[in-house]
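Hi,

Here is the structure I promised to pass on. Have a look at it first, and my notes follow below.

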Amino acid sequence: MSTRRVVQRGLWFEEFEIGTIYEHRPGRTITEADNVLFTTLTMNTQALHLDAAFADAQPPFNQRLVNSMFTLSTLVGLSVAQLTQGTLVANLGFSEMALPAPLFHGDTMYAETLVTDKRESKSRPGEGIVSLTHTARNQDGVIVAKAVRQTLVRKAPAA
């Protein structure tokens, strides 16, 4: 009996279907350490992320907020294993980014991605452009982030 080997990967250009929503699991519970590390690594000195005494005194949230760039990075990161692992050539751009509600330490982020468009690349044979709308929700289903992303994705190799 021979053993079949399967390597985890994202989708080839041909496998993306416009109108399909991919739900990415598991979710990611955000910790204080995540927020502080990301914030300090990126040299963001915003007290709302780092200074508990300051943030606790600031309405309307009266607590530290998770860095919005961490929120967006994690939103995209949650999609990688299912959509683009090993098949992505490059991110071409992000647009229509929105952060309608904050994330706090201890919140869990869940992500989904809607495929909104795709076309073959005119200048790069063997590749195509896929447009994705990523949405993040917290554990209560509240949308905390949205972003539209254009990606350059490889076509399936010839069999």
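The buried residues of H1 pack against strand S1 (21-29), helix H2 (47-50) and helix H4 (68-83); contact here means heavy atoms within 4.5 Å. Helices (H or I, at least four residues) and strands (E, at least two) are DSSP runs, numbered from the N terminus. This is a predicted model, with pLDDT of at least 70 needed for local features and 80 or more for side-chain atom pairs, while totals for chains, interfaces and linings use all residues. Residues are numbered from 1 along each chain as its sequence is written, and side-chain values use heavy atoms, leaving out hydrogens and water.

H1 itself spans residues 32-41, and Asp34, Asn35, Phe38 and Thr39 are buried in it (under 20% relative accessible area with a 1.4 Å probe, protein chains only; exposed is over 50%, partly exposed in between). Seen down the axis, these buried residues fall within an arc of 115°, so they line one face of H1 (the arc is taken over directions from the helix axis to the C-beta atoms). Ala33 and Leu41, on the other side of H1, are exposed. Just after H1, Met43 has a positive phi of about 60°.

Now for the cores (sets of buried Ala, Val, Leu, Ile, Met, Phe, Trp, Tyr and Cys residues joined through side-chain atoms within 4.5 Å). The largest nonpolar core has 14 residues, and Leu75, Leu103, Met109 and Ala136 have the most contacts inside it. H4 gives this core its largest share, 4 residues. Apart from it lies another core of 9 residues, including Leu11 and Val153.

Happy browsing!
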